[in-house]
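The following exercises concern a single protein chain. Each task is followed by a solution in steps.

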Amino acid sequence: MSENLWLADRFEEHRGHLRAVAYRMLGSVAEADDAVQDTWLRLSRADRSDVENLGAWLTTVVARVCLNMLRSRNHRREDAYGIHVPDPILTGGAGQPEEEALLADSIGLALLVVLDTLTPAERLSFVLHDMFQLPFEEIAPMVGRTPQAARQLASRARRRVRGADVPRPDPDLARQREVVDAFFQAARNADFEHLVAVLSPDVVFRTDAGAGRQASVELHGATTVARHALSGITSSLQRPAVHLRPALVNGAAGMIVTTLSGRPVTVIGFTVTEGRIAEIDAVSDPDRVRAIVEAGADR
């Protein structure tokens, strides 16, 4: 076996882990794949004579690539973005190893939304330490800080996450699906009382229609979200050309809204907590929806 083939095989052994790190860092499937590909290119060109632990080396490289991408993204997004929902991941629930690595700990859209509020250095420190158990001695050089400063970055991020009170989904996926189905049934029937009943009192509803689009909204509270459902979702569901396709979104019950021809128009993730919907996160940007659904079909 040539050295290049051997190296490619070794890299493939770590690909699932690298995608998991990159997705948590970036909240974007496409950008995560770009970061992993960049990591492979750097590996193929690097002097590997002093690399003792390939897995650790690759994790460091992909984290630094993601850090640079986050810093560049933050500059671009300052004026272009209002409401932003991270990329959902669609799976068929078959439990493929790469999917399990990508969705380990059932990372949900609700948590990714909070991670988007962190600074790049805070996010890297928190993700690598709290999610992947890397010591701060290894994290510190990536952010150009001392280990103690890296620890403080992670601590600050942790407080932000806890302060946001990120809802955790109920473990029973079948029960989640019942609640999501009840939401759409109530919306289809224009049943305001049942809509409110399936929503947590402090439910959050986000729709990301794309940069600068007025359809992007963020709403809070069961009454407000139910009224929005009645004014927008109900009329859409009552059209025969609109179809609902159940999906597994970041390991939880979700839905894909399609046209009669099967073209996906919206991907929706739900966080069901204690039998009620605590968070609804929807992406309706046409380009992103197409990419998200295509990526899910490839898994």
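**Exercise 1: Strand pairing**

Strand 6 and strand 7 (residues 276-283) pair in the antiparallel sense over seven bridges. Strands are DSSP runs of E with at least two residues, helices are runs of H or I with at least four, and both are numbered from the N terminus; two strands pair if DSSP finds at least two bridges between them. The model is predicted, and local features need pLDDT of at least 70, side-chain atom pairs count only at pLDDT 80 or more, while totals for chains, interfaces and linings use all residues. Residues are numbered from 1 along each chain as its sequence is written, and side-chain values use heavy atoms, with hydrogens and water left out.

Task: Describe how strand 6 is joined to strand 5 and to strand 7.

Solution. 
1. On one side, strand 5 (residues 252-258) runs antiparallel to strand 6 and is joined to it by five bridges. Ile-256 has Val-267 of strand 6 as its bridge partner.
2. Five residues separate strand 5 from strand 6 in a hairpin, and Gly-262 in that turn has a positive phi of about 95°.
3. The bridge partner of Thr-273 in strand 7 is Arg-276. The hairpin of strand 6 and strand 7 has two residues between the strands, and Glu-274 in the turn has a positive phi of about 55°.
4. Strand 6 spans residues 264-273, and seven of its ten residues are buried, where buried means under 20% relative accessible area, exposed over 50% and partly exposed in between (1.4 Å probe, protein chains only).

**Exercise 2: Cores**

Task: Identify the residues with the most contacts inside the largest nonpolar core.

Solution. 
1. A nonpolar core is a set of buried Ala, Val, Leu, Ile, Met, Phe, Trp, Tyr and Cys residues joined through side-chain atoms within 4.5 Å.
2. The largest such core has 60 residues, and those with the most contacts inside it are Met-25, Leu-90, Leu-115, Leu-124, Leu-128 and Met-131.
3. A second, separate core has 27 residues, among them Val-179, Ala-222, Ala-229 and Val-257.
4. Beyond its neighbours within four places in sequence, Met-25 is in contact (heavy atoms within 4.5 Å) with residues including Ala-63, Leu-70, Arg-123 and Leu-124.

**Exercise 3: Aromatic rings**

Task: Classify the pair formed by Phe-183 and Phe-184.

Solution. 
1. Rings of Phe, Tyr and Trp (its six-membered ring) pair if their centres lie within 6.5 Å; planes under 30 degrees apart count as stacked, over 60 as edge-to-face and the rest as tilted.
2. The whole structure contains four aromatic pairs. In the pair of Phe-183 and Phe-184, the centres are 5.3 Å apart and the planes are at 80°, an edge-to-face arrangement.
3. Both Phe-183 and Phe-184 are buried, and together with Phe-270 they form one aromatic cluster.
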